[in-house]
Every structure is written in C-alpha cells, then in structure tokens.
Amino acid sequence: MTQLEKVQQWVSDQELDAAYLSDPMTITYLTGFNSDPIERILALIVFPDQDPFLFAPALEVEAIKDTGWKYPVYGYLDHEHPFEMIANQVFKRNSNPKNWGIEKSQLTIDRLNSLTEQFPKAHFDMDVTELIQRLRLIKNQDEIEKLNEAGKWADFAFKTGFEAVKIGQTEQQVAAQLEYALKQHGIMQMSFETLIQAGAHAAEPHGATAANKITGDELILFDLGTVFEGYISDASRTVAVGKLNDKQADIYKVCLEAQLTAQAAAKPGLTAEQLDKIARDVITKAGYGDYFIHRLGHGMGMSEHEFPSIMEGNTMQLEPGMCFSIEPGIYIPGVAGVRIEDCVHITADGCLPFTHTPKELTYVG
C-alpha cells in the first residue's frame, strides 16, 4: 500500500467524505510533485472510495503530469476562482460532502473560510496532521540513502567552509565560498540559509550570517545542510581560530561530551525526553545548564524540522527508521556560542549519523 493509499484508507476509516491537503511538503511526499506555489492554491483532494485529484496553478499542470501522477489534475488561471473550481470537481464526485479532513497546522483561516463558503453545510473538524506526521516518521531504505547522500555533501560543505576561513574574512564571504563550491558540483539548493557566526555572535542560536569579520582567538559556528533529491541534511560544527581562552575551550569540551554521550545512547526503546535529558545532564553538571536554551533535536527528512521533537515532555519511544538531530548547544552572551550536531537514523540497536565531519576541536584559518 502506498502512502497515498494509506491516507485514502484513513479517510475511509474516519468516515470522512474528503480530505483537503495543502501543505506543499505533504503533497510532495504523497505525489512526488515538488513545488512552492507561493500565494497560489495547490491542493490534493483525497476521497474514501474514488481517485484523488490534484488542483494546481495552470502553469504547474504539465510539470505534475511529468512526475508520472496517474490521477486527474486540474489547473486554474490567476483570474479564476480556485475554490469554486475545486468545489465543482468535488461535487462531481460527492453531491453533499459534509465531513472533511484538513491539515490544521497548515491551512490558513482565510482559505478555510473560502472552503466553508463553497461547502456551507460541511464540517472541517478532523485534523490530518498527525497522520501525515506518523507516515513521514519512519524512513524507508530509499529515504535513508538519499539522506546519506545529502549528508555527504554537507561534509563537503564543512571542509570547503573551514578552508575558506581567514582572519579578516566576513561570515558572509565564507558562506558564499562554500555554497559556490557546492553549486560547482551540482548541489544547487541548501536545506536552509547557511549559518556562520564568529565569536560572541554565535551566542545567538537563531542569528543570521552577517558582515562580521573573523578576528581570531575565537570560535566559529557553522550550521548548514544540502538538498539531494528532495531530502535534506542538517549539521553543525564549531571550529577555532587562533588561541582560545579557558572559558571558550571549556564550553566546547562540555558541549562535545554532551553530543557524543547522547549520540552513543540513542537506540530503540529510549524515549525522546530521556535522550534530551542525557545530553542536558552533562551540560547542567558542568554549570552551563542555563545556557542550553533549546530542545536537543528535531525530526528531519524532506524538511529540516519534522516530527518529532527530542525534548522534555515527549515520551515517544525511539524506533528504527526515525531520523532526527542531536544538537546540544551552549550560548553565553558576550562570550561565545557552541553547537555540535549530527542528524541520525535509529537502527536495530543504536543509531548512525548522516554526517561524518570530525567533532573534535579543529583549528582553522
């Protein structure tokens, strides 16, 4: 049974008349068609006992057919009313669709209102989000292979980026060099904006690569990932330029211990919150607990943040095929920031990482 057929079975089991799926990543996962429609409407309509159909901007219709999509696809022009057109196609299949499933975490109020206008007697109460999360949770061997390939190119990016570090260079210049090198090898897309932060700038865990110059005697945080055939990599390394002081060196040592300890412990049967605690306890014991200000990890696969969260309060047990990040961090404002991250997949008795760049403190520049 395909993943799309599993969704159709769920629609039937829940006694729904239809499901309206609108997250572009969900549509990619279920159909093989990848597109960001921006402000336009892209939707997959699934029925319990009839073929699904895709509804898309007219300019996407031929691309959808080229993917091998074997069910109907309907396009609309920019001046046309998309929800009215969707409704017309639905009514051809069901004259009175009352019970609908939707992705509540993705569908905007404005678009839900547009659906309600077309189906005023319908109820849009059933959330499909958890089902999609569960389907995407366990990766098959083909997905693992694509994630490994994306990881290989992340390792290449680290190597190139480390070689580009020079005192006087800006964070932006280093990022540009590693991304250019990837493009020369046909890797045209990053998982997210490459993050390079030098010195105290790295104490902002969600900061942005900037025009800050590398000055020496500091730590530099790299956080990056690449996309390979729709699957991503995501990894972080922190390297040193010049001579570190005792505080910088200690932060790195503790963060590395936390990451290595957690990665070695990850295996089936352990819960997400237990794994988070394993890393957090190392950092707390060393006196830096107040500076580890995010969860240990997040799911990954077709996007860099997927279900589940590896954090306190999540009692989900790890299972073979789950893929997620292990990324403890210590961020001391005005001093330094360190994050060390591998994404891994759970195996029968442990885990394996997708990236292999050494994690011992490396001096560059």
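## Helices α7 and α8

Helix α7 (residues 141-164) packs against helix α8 (residues 171-184) at an angle of about 135°, and their axes lie 9 Å apart. So α7 is oblique to α8; angles under 35 degrees count as roughly parallel, over 145 as roughly antiparallel, 65 to 115 as roughly perpendicular and the rest as oblique. Axes are lines fitted to C-alpha atoms, for helices over the stretch in contact, and angles run from 0 to 180 degrees between N-to-C directions. Helices (H or I, at least four residues) and strands (E, at least two) are DSSP runs, numbered from the N terminus.

From α7, the contact (heavy atoms within 4.5 Å) uses W153, F156, A157, T160, G161 and A164. From α8 come V174, Q177, L178, A181 and L182. Eight of the contact residues are nonpolar, three are polar and none is charged.

## About the model

This is a predicted model: local features need pLDDT of at least 70, side-chain atom pairs count only at pLDDT 80 or more, and totals for chains, interfaces and linings use all residues. Residues are numbered from 1 along each chain as its sequence is written, and side-chain values use heavy atoms, leaving out hydrogens and water.

## Helix α10

In α10, A272, L275, D276, A279, V282 and I283 are buried (under 20% relative accessible area). These buried residues pack against α9 (246-265), β13 (306-310), β14 (323-326) and β15 (329-332). After α10 comes G287, with a positive phi near 95°.

## Residue Q173

Q173 sits in helix α8.

Definitions and conventions. Ala, Val, Leu, Ile, Met, Phe, Trp, Tyr, Cys and Pro count as nonpolar, Asp, Glu, Lys and Arg as charged, and the others, Gly among them, as polar. Buried means under 20% relative accessible area, exposed over 50%, partly exposed in between (1.4 Å probe, protein chains only).
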